Amino acid sequence: MRKNYMFTPGPTMVPPDVLLAEAAPLIHHRTPQFSGILREVGEALKELFGAAGDVYIVTGSGTASMEAAIANTCSAGDKAICVRGGKFGERWSELASAYRCEVVDVDTEWGRSFSAEQAQELLELHPDAAVLCVTHSETSTGALTDVEAIASLTRNSDTLLVVDAITSIGVHRVEMDRWGADVVVAGSQKGCMVPPGLSFIAASPRAWEAVEASTSPRYYLDMRAMKKNWSKYQTPYTGPVSLVRALHEALAMMREEGLENLYERHRRLAEASRAAMQAIGLVLVAEHPANGVTAVWGPEGVDTGKLTRKMRDEYGVTIAGGQGHLKGKIFRIGHMGYVSEDDLLICISSIERALRDLGYDFEFGAALSTAHRVLFGE
Ligand SMILES: *Cc1c(COP(=O)(O)O)cnc(C)c1O
């Protein structure tokens, strides 16, 4: 018998009730029934974003909302400061280039977090920058960025802060309004426990001014159309009805757990994962690790591609390898969304088995017992 588990940093495991909601018979997207669902989903998303303004649903994976952020707030020739330091940070730079911005790339070493001090320097050097694009939780390295500290600087400047919160929404508390972030984007298939295909975007009042002023070409991702339709709880084009029903159920589950408990569970899962890996002599990639994904350097001489394939093909447990130049060198444990504390022990146990089978010499069971103690010991 084999049972499959996904401890991947997206897509993540989807609860059975969410899958059942998705399977409900279709309703038409221009109906009071669907508008009612959109309204409730919108309210719950505002809570997750910490936003008083509306959060729009975009049909398309997280990158669609990232593209909407750039297309709507920038115009060709605008200066865009893009913090790289990971695969997703690089995407901001690629998007800003695609929209003909004057891109200022900021490279932080992968695993390091972009700091408020760096932001301060850049804002002084480029007071004319239209946007500063950052990644709250850089999924390729597991590094967390202190968005609150950076927003405290951008809010007093003419530069809009654009935040990829795709693996932090539903994992870390995000307070868009209180922090003063200008555009925040998220996706369905990470902390939100919904299959891929939806993303979310919210903009501050001053970001909306940029949306109105932008001369970028845009059509499907035009936020002005999203806003106009959302006033009637509709989507500009055919709404992703089944995925929205799945999201409606997932948000209800999150509300039932309680947001404080939700964030606390992720904190505990992350703490247990880090401690477990360190207990068997492994080193974390991130200096300031996020709570949705734990990235770990593979042991000397172990190809982490082999590790992840072995776990997936032989034990039915899927984790992720490294991306870009970290391919083969690191592995990443996704512990966001529908992951319980007991689930995590299955993941840690599989990692230990695979490492042993690949010849890594360590005290077998030390990771598992450490995770067990961190989670349930006190
Ligand atoms: C998953 C992810 C994305 C978006 O990727 P899609 O494949 O388009 O959903 C962007 N940023 C981060 C940090 C992510 O984890």
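Student: How far is a nitrogen atom of the ligand from an N or O atom in the side chain of Asp164?
Tutor: This is a predicted model, so local features need pLDDT of at least 70 and side-chain atom pairs count only at pLDDT 80 or more, while totals for chains, interfaces and linings use all residues. Residues are numbered from 1 along each chain as its sequence is written, and side-chain values use heavy atoms, with hydrogens and water left out. A polar contact is a pair of N or O atoms within 3.5 Å; within protein, one must be able to donate a hydrogen and the other to accept it, and residues adjacent in sequence count only if both atoms are side-chain atoms. For the ligand nitrogen and the Asp164 side chain, the distance is 2.5 Å.

Student: How much of the accessible area that the ligand has on its own does the protein cover?
Tutor: Accessible areas come from the Shrake-Rupley method with a 1.4 Å probe, and for residues only the protein chains shown count as cover. On its own the ligand has 380 Å² of accessible area.

Student: Which element gives the most residues to the shell around the ligand?
Tutor: Helices (H or I, at least four residues) and strands (E, at least two) are DSSP runs, numbered from the N terminus. The elements giving two or more residues to the shell are α3 (62–73) and α4 (87–98). With three residues, the one that gives the most is α3.

Student: Which side chain has a polar atom 3.4 Å from an oxygen atom of the ligand?
Tutor: Thr63 has a polar side-chain atom 2.5 Å from a ligand oxygen, so we must look elsewhere. The residue with the 3.4 Å distance is Arg91.

Student: Is strand β3 enclosed or open, going by how many of its residues are buried?
Tutor: Buried means under 20% relative accessible area, exposed over 50%, and partly exposed in between (1.4 Å probe, protein chains only). In a regular strand the side chains alternate between the two faces of the sheet. Here Lys79, Ile81 and Val83 point one way and Ala80 and Cys82 the other, and all are buried. Because five of the five residues of β3 (residues 79–83) are buried, the strand is largely enclosed.

Student: What is the hand of the β-α-β crossover from β3 to β4?
Tutor: Two strands pair if DSSP finds at least two bridges between them, and β3 runs parallel to β4 (residues 102–106) with five bridges. The chain crosses from β3 through α4 to β4. A crossover is right-handed if, with the strands pointing away from the viewer, the path from the first strand over the helix to the second runs clockwise. This crossover is right-handed.

Student: Which residue of β9 is the bridge partner of Asp164?
Tutor: In β8 (residues 160–164), Leu160, Val162 and Asp164 point one way. Three bridges join β8 to β9 (residues 183–187), and the two run parallel. The partner of Asp164 is Val185.

Student: Which side chain makes a polar contact of 3.2 Å with Gln323?
Tutor: Gln323 sits in the loop between β13 and β14. Its relative accessible area is 17%, so Gln323 is buried. The side chain that joins Gln323 in this contact belongs to Arg332.
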